[in-house]
Amino acid sequence: MHHQSRIEVATGGRGTRDITEAVARVIAQSGVHVGIAHVFVQHTSCSLLVTENADPDVRRDLETVFGRVAPDGDPAYRHDTEGPDDMAAHARTVLTGESVTLPVGDGRPLLGTWQGVFLWEHRTHPQRRSVVVTVLGEQDEGR
């Protein structure tokens with residue numbers, strides 16, 4: 001069995017957006033009881049990650065780390081077509097990734113107690129992002 005759905009995410013600019021519940025809804029609607037969910041963002045300047053969902057300082061600290069690794073406006077960058085955050089956003093995406101794969105059990109994502117799925121916007125201005133969730137697996141025999 002397979003199911004695919006799209007989630008649209010409006011960002012307020014740079015930072016993380018918790019999409020765990022939206023992904024869980026797609027999984028529940030799929031009817032898949034046991035399997036995997038592949039979550040993919042269709043953009044090159046934002047990324048997806050599974051990380052701490054209880055303490056927002058973790059995500060703020062990640063922003064600090066990546067600000068050091070891929071700073072905005074570095075004069076060594078050649079690609080700055082859309083502004084000083086343009087190349088830094090692409091670099092951050094390459095380093096963190098555009099997809100995550102989650103195990104599915106009992107019709108829900110099997111995340112750890114303190115884990116959530118986040119879209120990490122790397123651009124400084126608000127964006128609209130499309131996330132594709134593909135769920136593969138076996139249906140519950142009771143359905």
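**Entry 1: salt bridges**

I began with a network of salt bridges that links Arg14, Glu63, Asp72 and Arg92, a salt bridge being a side-chain nitrogen of Lys or Arg within 4 Å of a carboxyl oxygen of Asp or Glu. I note at once that this is a predicted model, in which local features need pLDDT of at least 70 and side-chain atom pairs count only at pLDDT 80 or more, while totals for chains, interfaces and linings use all residues. Residues are numbered from 1 along each chain as its sequence is written, and side-chain values use heavy atoms, with hydrogens and water left out.

A search of the whole structure gave me 8 salt bridges. One of them joins the side chains of Glu63 and Arg92, at 2.5 Å from N to O. Glu63 belongs to helix α2 and Arg92 to helix α3, so this pair ties together parts that are 29 residues apart in sequence; helices (H or I, at least four residues) and strands (E, at least two) are DSSP runs, numbered from the N terminus. I looked up the exposure of Arg92 and found it buried, with a relative accessible area of 2%, where buried means under 20% relative accessible area, exposed over 50% and partly exposed in between (1.4 Å probe, protein chains only).

Next I turned to Glu82, which forms a salt bridge with Arg123, the closest N and O atoms being 2.7 Å apart. Glu82 sits in the loop between α2 and α3, and Arg123 in the loop between β7 (115-121) and β8 (128-139), so the pair ties together parts that are 41 residues apart in sequence. I found Glu82 exposed, with a relative accessible area of 55%, whereas Arg123 counts as buried at 5%.

I also recorded a salt bridge between the side chains of Arg129 and Glu121, at 2.7 Å from N to O. Arg129 is buried, with a relative accessible area of 4%, and Glu121 is buried as well, with a value of 0%.

I followed α2 from its first C-alpha to its last: the helix has 14 residues and reaches 20 Å, close to the 20 Å expected at 1.5 Å a residue, the expected span being 1.5 Å times one less than the number of residues. The buried residues I noted in α2 are Arg59, Glu63 and Phe66. They cover an arc of only 70° around the axis, which puts them on the same side of α2; the arc is that of the directions from the helix axis to the C-beta atoms. What covers the buried residues of α2 includes β2 (15-18), β4, α3 and β7.

At the N-terminal end of α2 I found a cap by Asp55, with a side-chain oxygen 2.9 Å from the backbone nitrogen of Asp57.

In α3 (residues 86-96) I listed Asp86, Ala88, Ala89, His90, Ala91, Arg92 and Thr93 as buried. Their cover includes β4 (46-52) and α2 (56-69). Gly97 follows α3, and its phi is positive, near 105°.

**Entry 2: the sheet**

I traced an open sheet of 5 strands in the order β1-β8-β3-β5-β6, with antiparallel pairing; two strands pair if DSSP finds at least two bridges between them. β1 and β6 stand at the edges with a single partner strand each, so one side of each is left without a neighbour in the sheet.

Inside the sheet, I saw β3 joined to β8 by 9 bridges in the antiparallel sense, and the bridge partner of Phe40 in β8 is Val132. Strand β3 (residues 32-41) also pairs with strand β5 (residues 99-105), antiparallel, over 6 bridges, and there Ala37 stands opposite Leu102 in β5. β5 and β6 form a hairpin with 2 residues between them, and Asp106 in the turn has a positive phi of about 55°.

**Entry 3: Arg6**

I ended with Arg6, which I placed in strand β1 (residues 2-10) and found partly exposed, with a relative accessible area of 48%. Leaving aside neighbours within four places in sequence, Arg6 is in contact with Gln42, Ser130, Val131 and Val132, contact meaning heavy atoms within 4.5 Å. The side chains of Arg6 and Gln42 make a polar contact at 2.5 Å, that is, a pair of N or O atoms within 3.5 Å, where within protein one must be able to donate a hydrogen and the other to accept it, and residues adjacent in sequence count only if both atoms are side-chain atoms.
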